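Biologist: Before we go into particular residues, could you take me through the packing and the open space of this model, one point at a time?

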Amino acid sequence: MIILPAIDIKDRECVRLFKGDFATVHRVADSPLDTARSFKEAGAEWIHMVDLDGAKDGTRRNADIFLEVAEKSGLKVELGGGIRDLQTLEYYFTNGISRCILGSAALKNPSLVEEAVRLYGHRIAVGIDALNGMVATEGWLDVSDVPYLELARRMEAMGVQTLIFTDISKDGTLSGPNLEQLKALREAVSCQVIASGGMHTIDDVTACAEASLDGAICGKSLYSGTLSLSEAVQTATTPIDRMDLDAYFEKSVLTPAIVQEASTGEVLMLAYMNRVSLQRTLETGTTWFWSRSRSEYWNKGATSGHVQRVVSVDGDCDRDTLLIRVEQTGAACHTGSHSCFFRRFEEV
């Protein structure tokens, strides 16, 4: 699990809100860049930044702050707030932002999400903010009648790989994340799920990790001193997280995965993985792939019983191909052949 320390920007200052209420805004730090650098020194690899002004009016008046942090802090920047068109996405990605969050657009302009995912793949996250289980938009000022799980499923169907979920009633309260809703989200979709809102102590970090969440955003707890960032990073980090999985999806949302019999070296099949299916493969110890024809995830052997137990996962030097060594149960090919590669061409 990845810990993402947070910096919210309003009127060019580092601030925090209570339950998303702009009337409760208060300053929590001086320099955004210095604060980001302190996060880096504590062991963070990512930073979660929000343009609160942009969330309200759709502008990017604080853009230079985010770009400076991306350039000079040594952190990967995940940015949300007011990103409502492809031009803004292109601007931020071209200038060093690692991941952008679409929020209101997910509900009000789903075609934008679909096109953004087509163009930028795993670099697009969708923020789902909810109050009493219903999706809120426009900087949390409008509450819809759409349940958060319904919107999550819509986003998954579009190919979104990362969801950031915030229970507004928890945000800035130091009362702990809404684990019940987060677990329901984890079970409802196969996307990466990042928790936001209410993080208080190291116990909350542990609880999120035990719930198999992929990330946790920490804000007020860091500024108030109830949570040590270095301890949180150490507690949350696993060997899987230390692999730079995203690097294998920079060139394409899908990466070819060659599956090989570990005991004999025989090549069994070739399929495709995206970031989520690779993560699932590493976590479960069985192979998961993305079906290009059906647009859905599939676990090899789930219906046939011909399960592939993962022995090792390696990436090639160019970071665009994966080699999965497995113990194959039964036939790997749907034809009944042990390997999909059984048609030999005549020698020339």
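Modeller: A contact here means heavy atoms within 4.5 Å, and please keep in mind that the model is predicted.

Biologist: Which residues have the most contacts inside the largest nonpolar core?

Modeller: The largest nonpolar core has 67 residues, and its largest share, six residues, comes from helix H3, residues 63-72. Leaving aside residues up to four places away in sequence, Ile 3 touches Trp 46, Val 205, Ala 216, Cys 218, Leu 229, Ala 232, Val 233 and Ala 236. The residues with the most contacts inside this core are Ile 3 and Leu 163.

Biologist: Which element gives the largest share of the lining of the second largest pocket?

Modeller: The second largest pocket, with a volume of about 310 Å³, is lined by 15 residues, of which Met 269, Leu 270, Ala 271, Arg 294 and Trp 298 lie nearest its centre. Two or more lining residues come from each of strand S14 (267-273) and strand S15 (288-291). The largest share, four residues, is given by S14.

Biologist: Is Trp 298 buried, partly exposed or exposed?

Modeller: Trp 298 forms a tilted aromatic pair with Phe 289, at 5.0 Å centre to centre and 40° between the planes. Phe 289 counts as buried because its relative accessibility is 0%. Buried requires under 20% relative accessible area and exposed requires over 50%, so Trp 298, with a relative accessible area of 24%, is partly exposed.

Note on methods:
Residues numbered from 1 in each chain as written. Predicted model: local features only at pLDDT ≥ 70, side-chain atom pairs only at ≥ 80, totals over all residues. Heavy atoms only, no water. 1 Å grid on protein atoms, 1.4 Å probe; cavity = no way out; pocket = protein on both sides within 12 Å on 5 of 7 lines; lining within 4 Å. Points joined across faces, edges and corners; volume = space filled by probe spheres on them. Core = buried A, V, L, I, M, F, W, Y, C linked by side-chain atoms within 4.5 Å. Buried < 20%, exposed > 50% of the residue type's maximum accessible area, 1.4 Å probe, protein only. Phe/Tyr/Trp six-rings, centres within 6.5 Å; stacked < 30°, edge-to-face > 60°.
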